[in-house]
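Reader: I would like to learn how to read a model like this one, feature by feature, from single residues up to the whole fold. Could you take me through it slowly?

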Amino acid sequence: MTIAVILTTFNRKKKTITCLENLGRQVISDDTTLPIFITDDASSDGTPEAISERFPAVHLYHGNGSLYWAGGMRNSWKKALQTNPDYFLLLNDDTVLYDNAIEVLLQYSTKILGNKTAPAICVGSTVNEETGIISYGGRKLRSKTRPVSEMVYSTTEYMDCDLGNANIMLVPREIVEQIGILSDGYTHGIADYDYTLKAKKAGFKVLVAPGYLGTCEDDHGKNWKSQQVTFSDRLKYLMSPKGLAYKEYLRFIRDHFPMHYPSAFCKLWLKTMFPFIWDRMKK
C-alpha cells in the first residue's frame with residue numbers, strides 16, 4: 001500500500017522539520033510506504049535547504065511565493081498523482097502527528113469499511129497542546145441553507161461530518177479519480193471545506209476519526225483586530241486570501257449555500273465597515 005503525503009510550506013522551517021520527523025515515527029505495516037511530496041513557496045528561512053539535508057528522499061518542489069496554502073497543496077498533489085498511490089494524506093506542516101495517526105485513519109477503510117460501500121474521506125482531529133482544546137478536525141452542518149456548523153468529536157467512534165480541515169485528511173484514490181483535487185478557485189483557505197462538501201455531493205462519506213491524532217495550534221483570525229485597525233487595513237483584510245477572502249468566500253457560498261448569498265455579502269461588508277456593530281451582533 002502506498003500513501004502519498006501532501007504538504008506545502010512557507011518560512012516555517014522548525015515546524016516543518018518537526019512535522020517530517022514525526023511522519024517517520026508512524027506505526028505502519030511493513031508493506032506500506034509513505035512517499036512525501038512538498039512544495040516550498042519560496043521560503044527565505046532555509047526551509048527547503050533543511051528539508052533536502054535532513055530528508056533527501058522527500059520530493060521537493062519550489063513555488064514563486066504566490067501559491068499560498070491551497071496553491072502549494074495543489075502543486076504537491078498533482079505531482080503525487082503521477083505515482084498513482086492508494087491514498088493521499090493531506091497534512092499541514094505545523095501539525096505534529098501522534099505515532100498511531102495513520103493507523104487510525106486507515107482503520108475505517110481497511111478493517112471497518114472493507115469492500116461493502118463506497119470509500120470515505122477520513123479527517124483527523126488535532127488538539128492545542130497548551131489549552132487541551134480541539135483546534136482542527138471535522139464539523140457538522142446545522143443548516144442546509146447556511147454555513148453554520150459545530151465541531152464533531154468522539155474518543156471512540158468514527159463520526160459523520162460535512163466540513164473537514166485538511167490539517168490531517170486521508171483521501172482514497174477512488175475519490176480523487178471522481179472529484180479531482182482541491183479546486184483552482186481557492187488561493188489559501190476554504191479549499192478543504194469546498195472539497196469535503198463536493199465529496200458529500202458525489203455520494204462519498206466524510207468521517208472524523210476517533211480521538212486526537214496530533215497537535216496543532218489554531219491560528220485562524222488572529223490578525224483581525226476590529227476597531228484597532230484603519231478602514232484601509234480592514235479593506236485589505238477583506239480582500240486578502242489569508243483574510244476574509246471576499247471573492248472566494250462568496251464563491252464558496254454561491255456553490256454550496258446559494259440562498260445565503262445575499263446575507264453573506266452583507267455580513268462581509270458589515271464586519272469591514274462597522275466592526276463595532278459586528279462585535280455586538282456576535283455576542
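Reader: In which helix does tyrosine 68 lie?

Author: In this predicted model, tyrosine 68 lies in helix H3, which covers residues 68-81. Its phi is near 60 degrees, a positive value in a residue other than glycine, and with a relative accessible area of 34% tyrosine 68 is partly exposed.

Reader: Where is alanine 42 found, and what is its phi?

Author: Alanine 42 is found in the loop between strand S2 (36-40) and helix H2 (47-54). Its phi is near 65 degrees, which is again a positive value in a residue that is not glycine, and at 38% relative accessibility alanine 42 counts as partly exposed.

Reader: How should I read the pairing of strands, and which strands does S1 pair with?

Author: Strands of a sheet pair through backbone hydrogen bonds, and they do so either parallel or antiparallel. In the present case, strand S1 (residues 3-9) is joined to strand S4 (residues 87-91) by 4 bridges, and the two run parallel; S1 is also joined to S2 by 5 bridges, again in parallel.

Reader: Is S1 buried or exposed, and what can be said of its two faces?

Author: In a regular strand the side chains alternate between the two faces of the sheet. For S1, both faces are covered: Ile3, Val5, Leu7 and Thr9 on one side are buried, and so are Ala4, Ile6 and Thr8 on the other. With 7 of its 7 residues buried, S1 is therefore largely enclosed by the rest of the structure.

Reader: Which residues does threonine 9 touch?

Author: Threonine 9 has its place in strand S1 and counts as buried, at 3% relative accessibility. Not counting residues up to four places away in sequence, threonine 9 touches Thr16, Ile38, Thr39, Asp40, Asp41, Ser43, Thr47, Ile51 and Asp93.

Reader: Which residues is glutamine 178 in contact with?

Author: Glutamine 178 lies in helix H5 (residues 173-179) and counts as exposed, at 53% relative accessibility. Beyond its neighbours within four places in sequence, glutamine 178 is in contact with Ala202 and Phe204. The C-alpha atoms of glutamine 178 and alanine 202, which are 24 residues apart along the chain, are separated by 8.2 Å.

Reader: What is the order of the strands in the open sheet of 3 strands?

Author: The order is S9-S8-S11, with antiparallel pairing. Strand S9 (149-152) and strand S11 (163-164) are the edge strands, each of which pairs on one side only. Strand S8 (residues 138-141) pairs with S9 in the antiparallel sense over 4 bridges, and lysine 140 stands opposite glutamate 150 in S9.

Reader: How many helices and strands does the whole protein have, and how compact is it?

Author: The protein has 10 helices and 13 strands. Its radius of gyration is 19 Å, close to the 19 Å that the globule rule gives for 283 residues, so the protein is as compact as a globular protein of that length. Along its principal axes the C-alpha trace spans about 60 × 45 × 35 Å, and 49% of the 283 residues count as buried.

Reader: What share of the contacts joins residues 24 or more positions apart?

Author: Among contacts with a separation of 6 or more, 73% are between residues 24 or more positions apart. As for the surface, the accessible area comes to about 14000 Å², of which 51% belongs to carbon and sulfur atoms. The protein has 34 positive and 31 negative side chains, and the centres of the two sets lie 9 Å apart.

Notes. Residues are numbered from 1 along each chain as its sequence is written. This is a predicted model: local features need pLDDT of at least 70, side-chain atom pairs count only at pLDDT 80 or more; totals for chains, interfaces and linings use all residues. Side-chain values use heavy atoms; hydrogens and water are left out. The radius of gyration is taken over C-alpha atoms; the globule rule is 2.2 Å times the number of residues to the power 0.38. Buried means under 20% relative accessible area, exposed over 50%, partly exposed in between (1.4 Å probe, protein chains only). Contact means heavy atoms within 4.5 Å. Accessible areas come from the Shrake-Rupley method with a 1.4 Å probe; for residues, only the protein chains shown count as cover. Lys and Arg count as positive and Asp and Glu as negative; His and the chain ends are not counted. The place of a charge is taken as NZ of Lys, CZ of Arg, CG of Asp or CD of Glu. Two strands pair if DSSP finds at least two bridges between them.
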